[in-house]
Each structure stands twice: as C-alpha cells, then as structure tokens.
Amino acid sequence: MTEFFKKMTSNLTLLASITLVVALAFQSCKEPVENPKAEITIVDSTGTAIPDAKVVLFCVQRADVSVECNVADTQVTDGVGKVNFEFANPSVLRVSAIKYNTVERDTGVFPDNGIIIIGDTLCADGFVTLEANEVTEEIFVLGKCESD
C-alpha cells in the first residue's frame, strides 16, 4: 500500500510540474498590451490639410461618476494637418480643433487708435474612441465657428 501512495505522489508531482510549465508557456506567449493611440487629421471643406491648427483631446466629466476626469492633451497639426496622441488607458475623448484664420489691422489715427480683426476662426468638434492595441484614425473638417 505504501508503494501505491509513493507512486501516486510521484505522478501528482509530475502532473503539477507539467501543468506549471504549460501555464508559464501560455503566459509568455501573450502579446504585450500597447497604449491606445489616435491619429487625427484636420482638413477644410475641400479636403485640404490644415497646418498649425490647435487640437485638444479631453475627457468630459459625467455627472454619475464620482472620479474626477483629468485627461487632456493639446497639440498643433504638422504640415500635412496631422497630430498623434497616445494615452495610458482606453477611453472616449472629446476632440476640439480650432484654427485662427484672422489678421489684425490697426485703425484710426493717434490718439484714437484701434484694432480690427479680419477673417474667420475655423472650428471642429467631435469624439474619438481609443482602444488598447489600436491606432484610431479620425478626420475632422473645419468650418466657421458657431457663436454662442
């Protein structure tokens, strides 16, 4: 009977060792989780890329969530109208893009000087959903900003 228990203990130890090796092998085969990324392109109504537009990504505080929302990043588009963002966690973020397409001109004669601003400010708003291991590409079309 003792011989039976020795063999049983030996077989259980062998089975546990094989299970541990297989579990470690499967664990090491998992791909690392990459941070979610967003590639945002800013264009005008004709599809032309807009350089030097300010793009802000930020979270919107929900009333039913007690944790403070403090995710935000601001970048300026490059010569082909693109910006790249990377965040630590998947999320849904609000996108706000603005391009000041204005010129300031001096008016009047001293001492009655003034400045007028000529041109339009262009804006675009929307949302982007960021997923782990993915690069989310979005295109936003700038249009004339609506006055509140």
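Trainee: How many disulfides does a search of the whole structure find?

Mentor: The search of the whole structure turns up 1 disulfide, a disulfide being a pair of cysteine sulfur atoms within 2.5 Å. Before the details, some housekeeping: this is a predicted model, with local features needing pLDDT of at least 70 and side-chain atom pairs counting only at pLDDT 80 or more, while totals for chains, interfaces and linings use all residues. Residues are numbered from 1 along each chain as its sequence is written, and side-chain values use heavy atoms, with hydrogens and water left out.

Now the bond itself. C123 is joined to C145, at an S to S distance of 1.6 Å. The angle about the S-S bond is 80°, and the link of C123 and C145 is right-handed. The pair ties together distant parts of the chain, 22 residues apart: C123 sits in strand β6 (residues 114-130), and C145 in the segment after β8 (143-144). Helices (H or I, at least four residues) and strands (E, at least two) are DSSP runs, numbered from the N terminus. C123 has a relative accessible area of 22%, so it is partly exposed. C145 also comes out at 22%, partly exposed. For the cut-offs, buried is under 20% relative accessible area, exposed is over 50%, and partly exposed is in between (1.4 Å probe, protein chains only).

Stay on β6 for a moment, as G119 lies in that strand too. G119 is partly exposed at 45% relative accessibility. Leaving out residues up to four places away in sequence, G119 touches N101 and T102, where contact means heavy atoms within 4.5 Å.

Follow the chain out of β6 and you get to N133, in the loop between β6 and β7 (135-141). N133 has a positive phi, near 65°, in a residue other than glycine. Its relative accessible area is 47%, so N133 is partly exposed. D52 is another non-glycine residue with a positive phi, near 60°. You'll find D52 in the loop between β1 (37-43) and β2 (54-58). At 54% relative accessibility, D52 counts as exposed.

On to β5 (residues 91-107), which supplies the largest share of the lining of the largest pocket, 4 residues. That pocket holds about 200 Å³ of space. The method, in brief: on a 1 Å grid over the protein atoms alone, a pocket is an open set of points with protein on both sides within 12 Å along at least five of seven lines, unlike a cavity, where a 1.4 Å probe fits but cannot get out, and lining residues have an atom within 4 Å of a point. Points join across faces, edges and corners, and the volume is the space filled by probe spheres set on them. There are 13 lining residues, and C59, V71, P90, S91 and L93 lie nearest the centre. By type, the lining splits into 10 nonpolar, 2 polar and 1 charged. Here Ala, Val, Leu, Ile, Met, Phe, Trp, Tyr, Cys and Pro count as nonpolar, Asp, Glu, Lys and Arg as charged, and the others, Gly among them, as polar.

The aromatics give you 1 pair. The rings of F85 and F87 have centres 6.4 Å apart and planes at 10°, so they are stacked. Rings of Phe, Tyr and Trp (its six-membered ring) pair with centres within 6.5 Å, and planes under 30 degrees apart are stacked, over 60 edge-to-face, the rest tilted. F85 is buried at 2% relative accessibility, and F87 is buried at 10%.

Zooming out, the protein has 1 helix and 8 strands, running α-β-β-β-β-β-β-β-β from the N terminus. Of its 148 residues, 20% count as buried. Among contacts between residues at least 6 apart in sequence, 59% join residues at least 24 apart.
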